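Please look over the sequence and the structure before reading on. The report then goes through the fold part by part.

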Amino acid sequence: MSNPQAHPHGHTHQHGPAAPVSAHLRRVIAAVLIPFGVLMAIGLIWLWPGGAPEQDERTGVGFDQQHEEARVTELVERPCEDLGVQVPESVTGACEQATVEVTSGPDRGRTFTEVVPPDATKRFHEGQGVVVAYAPEAPEELQYSVVDVERKVPMLLLAAIFALVVVAVGRLRGLLALVGLVASFLVLTLFILPAVLHGSNPLLVAVIGGSVIMLVTLYLCHGVNARTSVAVLGTLVSLLLIGVLGSLFIGWAHLTGNTDDQTGLVHSLYPGIEIQGLLLASILIGSLGVLDDVTVTQTSAVWELKLASPTAGWRQLYSAAMRIGRDHIASVVNTLVLAYAGAALPLLLLFSIARSGVETVAFSELVAEEIVRTLVGSIGLVASVPVTTLLAALVVSADRGDPGPTAAGQPPGRGAPLPSGGGAPAERTGTTWTDGRWTRAPGRGRPTSHRRRRKK
């Protein structure tokens with residue numbers, strides 16, 4: 001009779017691709033995810049906007065202007081009084097008069113002057129590239145104005161460094177992650193944003209677009225296997241919870257979503273957009289990226305724990321993985337809160353110097369919107385840990401069937417089916433599968449009989 005204490009040590013750890021699961025489990029998972037994927041594909045085709053809606057003419061507001069490239073050719077300091085510029089009494093220093101040459105468009109080579117007050121945050125230097133707005137209907141001396149600086153080179157260089165680091169460290173997985181990032185950007189720019197502008201329900205668009213992003217990126221980066229499918233299911237459940245809670249508390253708190261200049265401008269240009277639904281859609285999409293991280297990590301933890309201890313039941317796996325998940329919860333919630341706080345830092349500074357009480361500020365719509373966004377997203381993230389861990393523990397423990405074709409490095413089937421982790425059970429004869437071959441435990445079988453023959 002084999003020693004039960006030796007059982008867990010007879011397998012090899014298969015890091016990398018997930019171990020195969022039984023055909024029955026594959027059919028169960030496919031029965032859930034394939035109809036969902038087909039439904040999302042139908043929704044994508046049904047709501048496909050075919051590009052952003054065209055406008056008869058430019059509004060001249062924000063980025064809806066005609067832009068050209070230009071360059072600062074000369075920069076001189078002059079008294080602000082001589083230039084007719086009034087500055088606050090507390091501000092000292094001279095104004096700068098920049099000569100700007102247009103380098104693109106029909107007026108290429110034309111120059112104009114731009115005055116920079118001493119208290120301006122944006123500064124220029126000679127030879128600097130800038131972006132200018134062109135208003136053809138304005139008087140000639142006011143047709144061009146500097147709206148931004150040229151920053152194409154540093155941004156592209158930073159993107160190249162990012163891609164290089166990801167591929168150098170992640171190798172194939174890193175390359176697939178970059179492909180997934182491009183796919184997410186394409187879905188966002190070609191489907192989600194144009195569909196919202198065309199008047200489609202923002203929540204429905206966010207659910208379909210976010211689900212497509214999730215399916216593409218998770219399966220592309222982590223492979224088409226049961227482990228990834230469990231992470232997809234855990235993400236879907238958490239997104240559903242975020243959607244329900246977000247819809248409930250946005251309506252209960254009477255949040256309109258129209259709390260900043262950008263949202264107000266969008267609403268004025270496209271009155272048909274449901275701004276409240278846009279707020280809920282932003283919560284869903286903003287939570288999706290962190291949700292993927294949590295669900296994939298928890299699923300991988302359960303699979304690795306099963307590989308380390310093939311005899312562990314689902315309760316043991318769930319308890320062990322939840323100890324990992326609790327540490328993950330603490331870091332992820334803190335990350336999400338700090339991310340929202342960092343994005344709203346100027347707003348927080350304004351409220352910190354306000355004379356109103358803390359209660360008045362915290363319950364104002366501007367701040368309440370960020371609080372609801374943060375807390376609803378955090379609740380979904382926290383809930384994703386036990387949900388995904390439980391799903392993964394049940395799936396990996398329920399795998400009692402034939403795991404399919406034998407993977408490289410795994411033992412061939414010899415009687416009892418293999419555990420789901422891909423390792424081999426200890427044989428009744430005392431053999432174990434180690435380093436690609438069956439070996440006998442010391443003191444068992446033939447070696448013992450040889451020693452006995454020598455004694456005789």
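What follows describes the chain as a whole, then its sheet, one of its helices and its nonpolar cores.

## The chain as a whole

The structure is a predicted model. Its chain contains 11 helices and 7 strands. Of the 456 residues in the chain, 36% are buried.

Contacts can also be sorted by how far apart the two residues are in the sequence. Among the contacts in the chain with a separation of 6 or more, 68% are between residues 24 or more positions apart.

## The sheet

An open sheet is formed by 5 strands, and its order is S3-S2-S1-S4-S5. The strands pair in an antiparallel way. Strand S3 (111-116) and strand S5 (144-149) are at the edges; each has a single partner strand, so one side of each has no neighbour in the sheet. From one strand to the next, the twist averages 45°.

Inside this order, strand S1 (residues 66-78) and strand S4 (residues 129-134) run antiparallel and are joined by 6 bridges. Take arginine 71 as an example: its bridge partner in S4 is glycine 129.

## Helix H3

Helix H3 covers residues 202-222, which is 21 residues. From its first C-alpha to its last it reaches 29 Å, close to the 30 Å expected at 1.5 Å a residue. Is H3 mostly covered or mostly uncovered? It is mostly covered, with 15 of its 21 residues buried. Buried here means under 20% relative accessible area.

Both ends of H3 have a feature to look for. Just after H3 comes glycine 223, which has a positive phi of about 90°.

## The nonpolar cores

The largest nonpolar core consists of 57 residues. The residues with the most contacts inside this core are Leu33, Phe191, Val205, Met214, Val232, Ile250 and Trp303. Several helices supply at least two residues each, including helix H1 (23-46), helix H2 (152-197), H3 and helix H4 (226-252).

Another core, of 14 residues, lies apart from the largest one. Ala70, Val72, Val102 and Phe124 are among its members.

Note on methods: Residues are numbered from 1 along each chain as its sequence is written. This is a predicted model: local features need pLDDT of at least 70, side-chain atom pairs count only at pLDDT 80 or more; totals for chains, interfaces and linings use all residues. Side-chain values use heavy atoms; hydrogens and water are left out. Two strands pair if DSSP finds at least two bridges between them. Helices (H or I, at least four residues) and strands (E, at least two) are DSSP runs, numbered from the N terminus. Axes are lines fitted to C-alpha atoms, for helices over the stretch in contact, and angles run from 0 to 180 degrees between N-to-C directions. The expected span of a helix is 1.5 Å times one less than its number of residues. Buried means under 20% relative accessible area, exposed over 50%, partly exposed in between (1.4 Å probe, protein chains only). A nonpolar core is a set of buried Ala, Val, Leu, Ile, Met, Phe, Trp, Tyr and Cys residues joined through side-chain atoms within 4.5 Å. Contact means heavy atoms within 4.5 Å.
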